[in-house]
Amino acid sequence: VVAIITLALVAVVIILGAFFAPAVVQEYAKEALVIEPTNLSIDSFTASGVRARVQANFRMDASRVGSKNVRNIGRFGTWVARKVESESSKVEVYLPEYGNILVGTAAVPPVVVDIRNGHITAIDFLTDLEPGNIEGIRQVANDWLEGRLGQIRLLGKANVGLKSGIFPLGTQSITESLVFEGQSLYRSFASLYLGEKTLG
């Protein structure tokens, strides 16, 4: 169950990981981005997987950006744009160290966020999650149970259409990587193992 919830969180991080084409603003977005999950839960079961509810607080924190120039340009650009809306998208999550096996996919609805520095947006949406390669997930779970897994890296990929108001910002190909270790790995893969048993 937690593995599916983690997938939902990864989907949020990916969908909000970059906003604009200019590299300097992408750098600002990645460094300034803060997402604080408030609730991740299973809403219902579907014919092909589960529907998860994702709730989190989104904000941009310019103080986290190391470069003064990037910080200033990023703050100005996001102040002008004010809000960004993503279109519906599909997120795919892989395990790179296990031959890029597909953990699962998430259908993410449109999300609107305020990207001005310090402004908080409460995010609340439902996403349909489908499991990927069950045999591959079982192999990873077995490695964890037998003590051969100290950390795991999840790689999420999505093509996301973006706009600010009436102005389209094009489609961004977004890739985001998250590493789990210690207690976060334990919680993720304990539930991954239980979830795999339920699904398979």
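Trainee: What makes the reach of helix α4, residues 134–145, close to the expected one?

Mentor: Helices here are DSSP runs of H or I with at least four residues, numbered from the N terminus, and strands are runs of E with at least two. The expected span is 1.5 Å times one less than the number of residues; α4 has twelve residues and reaches 16 Å from its first C-alpha to its last, close to the 16 Å expected. Keep in mind that this is a predicted model, in which local features need pLDDT of at least 70 and side-chain atom pairs count only at pLDDT 80 or more, while totals for chains, interfaces and linings use all residues. Residues are numbered from 1 along each chain as its sequence is written, and side-chain values use heavy atoms, with hydrogens and water left out.

Trainee: Which residues of α4 are buried, and how do you know that they line one face of the helix?

Mentor: Buried means under 20% relative accessible area, exposed over 50%, and partly exposed in between, with a 1.4 Å probe and protein chains only; in α4, Gly136, Ile137, Val140, Ala141, Asp143 and Trp144 are buried. The arc is taken from the directions that run from the helix axis to the C-beta atoms, and because the buried residues of α4 fall within an arc of 155°, they line one face.

Trainee: What makes Asn133 a cap of α4?

Mentor: A side-chain oxygen of Asn133 lies 3.2 Å from the backbone nitrogen of Glu135, and this caps the N-terminal end of α4.

Trainee: Why is Ser48 called partly exposed, and which residues does Ser48 contact?

Mentor: Ser48, in the loop between β1 (33–45) and β2 (50–60), has 40% relative accessibility and therefore counts as partly exposed. Contact means heavy atoms within 4.5 Å, and, leaving aside neighbours within four places in sequence, Ser48 is in contact with Leu129, Glu130 and Pro131. With Glu130, the side chain of Ser48 makes a polar contact to the side chain at 3.3 Å, although the two residues are 82 residues apart along the chain, with C-alpha atoms separated by 5.9 Å.

Trainee: How do you know that the buried residues of α3 are on the same side?

Mentor: Helix α3, residues 68–81, has Val70, Gly74, Thr78 and Ala81 as its buried residues. They cover an arc of only 60° around the axis, which puts them on the same side of α3. The face turned away from the buried side carries the exposed residues Lys68, Asn69, Phe76 and Trp79, whereas what covers the buried residues includes α2 (23–32), β3 (83–86) and β8 (151–164).

Key:
A polar contact is a pair of N or O atoms within 3.5 Å; within protein, one must be able to donate a hydrogen and the other to accept it, and residues adjacent in sequence count only if both atoms are side-chain atoms.
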